[in-house]
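Please look over the sequence and the model before reading on. The paragraphs below lead from one part of the chain to the next.

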Amino acid sequence: MTAVQPHINPGNRKSLMMKIRHAKLIRIPFYFLARNLRRLCKNVDNGIGDIRLSSFSFAKRVLLIGMTFGVMTTAQAENITIHPASPMSLESVVARIHGYYTCGHEVVVTQVQQVGTAIRIDLRAPISCADFGVPPPTSFIDIDIKLGQFPSGLFSVDIFRTSLPNASITFESTQVGSAQFTVTDSYASKVGPIPLVDYTDHWWNPQESGMGFSIMQHPSDRIFAAWFVYGQTGQPTWYTLQPGQWLSSTLYTGPIYKTSGTNLGATYNPGQLEITPVGTGTFIFHNYSNATFNYTIEGKEGSKNITRLSF
């Protein structure tokens with residue numbers, strides 16, 4: 001039996017082909033929704049090669065770009081993690097976005113805002129993020145965004161991506177990920193004197209430029225302080241105060257060490273490391289921004305009034 005070929009009027013052929021291409025257009029985003037982003041972009045690119053965008057109206061082009069961009073951000077659904085995973089009260093918290101699609105551009109954070117316990121981060125993306133080519137591997141990176149320090153409680157983070165407005169096309173903000181984290185009350189389990197303020201910063205005496213302290217206060221409340229001064233011959237000298245202890249919420253004291261070792265540029269030799277105890281030091285924090293450092297180093301006693309270095 002011979003198959004009969006259907007007759008298609010030449011005038012209707014173009015209409016039929018347009019319907020077929022319309023069907024391809026509609027199927028593309030939904031078919032690849034469950035695929036990974038690279039395969040999605042590759043097939044969308046092939047789909048666009050199969051249809052002639054010049055045959056479509058501007059509104060249909062916008063529809064295609066908008067649907068594809070929505071699928072790209074949905075399919076990507078960046079994984080958001082919080083660091084540290086179990087933050088303590090007043091400990092710095094960072095949100096990490098894994099595999100964020102940068103479109104080859106620098107990541108720009110336009111806004112970080114908090115209302116109650118809800119935090120929102122807005123990332124700015126250029127309009128070219130809706131391009132259809134196969135994105136290079138370098139377009140996917142992990143980025144860290146500092147959220148801040150928080151008291152105990154449960155917090156949520158929502159991250160949105162907004163394309164820069166274009167003269168002809170404007171995209172609304174699209175959510176690319178979310179996460180929750182719980183901050184534990186670190187004060188509940190602590191005993192003895194503890195600080196009520198984080199004194200981490202660079203400290204100095206404005207009248208003695210060139211010398212100062214770099215103070216790092218760990219979430220454990222211990223302080224590591226580096227004191228950079230000059231020796232009798234004018235050579236830079238470093239002292240460190242560690243580990244120390246809090247005698248009150250504003251008074252911290254500990255041993256001071258002098259360290260020497262391999263010079264910069266030479267192959268490191270652990271045998272050259274020398275750590276020598278040279279005295280003791282005490283920080284008296286008068287308030288958030290001002291303190292006094294009393295010391296006894298290599299038989300010399302002294303006192304320095306210091307303040308946070310603003311820059």
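**A walk through the predicted model**

Within strand E9, Phe213 is the bridge partner of Trp203. That pair belongs to an antiparallel pairing of strand E8 (residues 201–204) with strand E9 (residues 212–217), which runs over three bridges. E9 also pairs with strand E10 (residues 223–230), again in the antiparallel sense, here over six bridges. In this second pairing, Gly212 stands opposite Phe228 in E10. E9 and E10 make a hairpin, with five residues between the two strands.

The structure is a predicted model, and the wider chain can be described as follows. The protein chain has 311 residues, of which 35% count as buried. Its secondary structure comes to three helices and 16 strands. The chain exposes about 18,400 Å², and carbon and sulfur atoms supply 55% of that area. Among contacts between residues at least 6 apart in sequence, 55% join residues at least 24 apart.

How confident is the prediction along the protein chain, and where is confidence lowest and highest? The pLDDT averages 77, and 67% of the residues score at least 70. Confidence is lowest in helix H1 (residues 10–31), with a mean of 42, and highest in strand E15 (residues 290–297), at 98. Over residues 13–77 the pLDDT is below 50. Beyond near neighbours in sequence, this stretch has 72 contacts in the model. Where pLDDT is low, the predicted coordinates should not be read in detail.

Next comes a sheet. Three strands form an open sheet in the order E1-E2-E5, and their pairing is antiparallel. Strand E1 (79–83) and strand E5 (140–149) stand at the edges; each has a single partner strand, so one side of each is left without a neighbour in the sheet. From one strand to the next, the twist averages 20°. E1 pairs with strand E2 (residues 92–101) over five bridges in the antiparallel sense. Within that pairing, His98 in E2 is the bridge partner of Asn79. In general, strands of a sheet pair through backbone hydrogen bonds, either parallel or antiparallel.

Two single residues can now be followed. Is Phe224 buried, partly exposed or exposed? Its relative accessibility is 37%, so Phe224 counts as partly exposed. Leaving out residues up to four places away in sequence, Phe224 touches Ser214, Ile215, Met216, Thr240, Leu241 and Gln242. For Gln242, which lies 18 residues from Phe224 along the chain, the two C-alpha atoms are separated by 5.4 Å.

The other residue is Asp122, found in strand E4 (residues 118–125). Asp122 has a relative accessible area of 7% and is therefore buried, the cut-off being under 20%. Which side chain does the side chain of Asp122 meet in a polar contact? The partner is the side chain of Arg120, at 2.9 Å. Leaving out residues up to four places away in sequence, Asp122 touches Val108, Val109, Thr110, Gln111, Phe160, Thr162 and Ser173.

Methods
Residues are numbered from 1 along each chain as its sequence is written. This is a predicted model: local features need pLDDT of at least 70, side-chain atom pairs count only at pLDDT 80 or more; totals for chains, interfaces and linings use all residues. Side-chain values use heavy atoms; hydrogens and water are left out. Two strands pair if DSSP finds at least two bridges between them. Helices (H or I, at least four residues) and strands (E, at least two) are DSSP runs, numbered from the N terminus. Axes are lines fitted to C-alpha atoms, for helices over the stretch in contact, and angles run from 0 to 180 degrees between N-to-C directions. pLDDT is the predictor's confidence in each residue, from 0 to 100. Contact means heavy atoms within 4.5 Å. Buried means under 20% relative accessible area, exposed over 50%, partly exposed in between (1.4 Å probe, protein chains only). Accessible areas come from the Shrake-Rupley method with a 1.4 Å probe; for residues, only the protein chains shown count as cover. A polar contact is a pair of N or O atoms within 3.5 Å; within protein, one must be able to donate a hydrogen and the other to accept it, and residues adjacent in sequence count only if both atoms are side-chain atoms.
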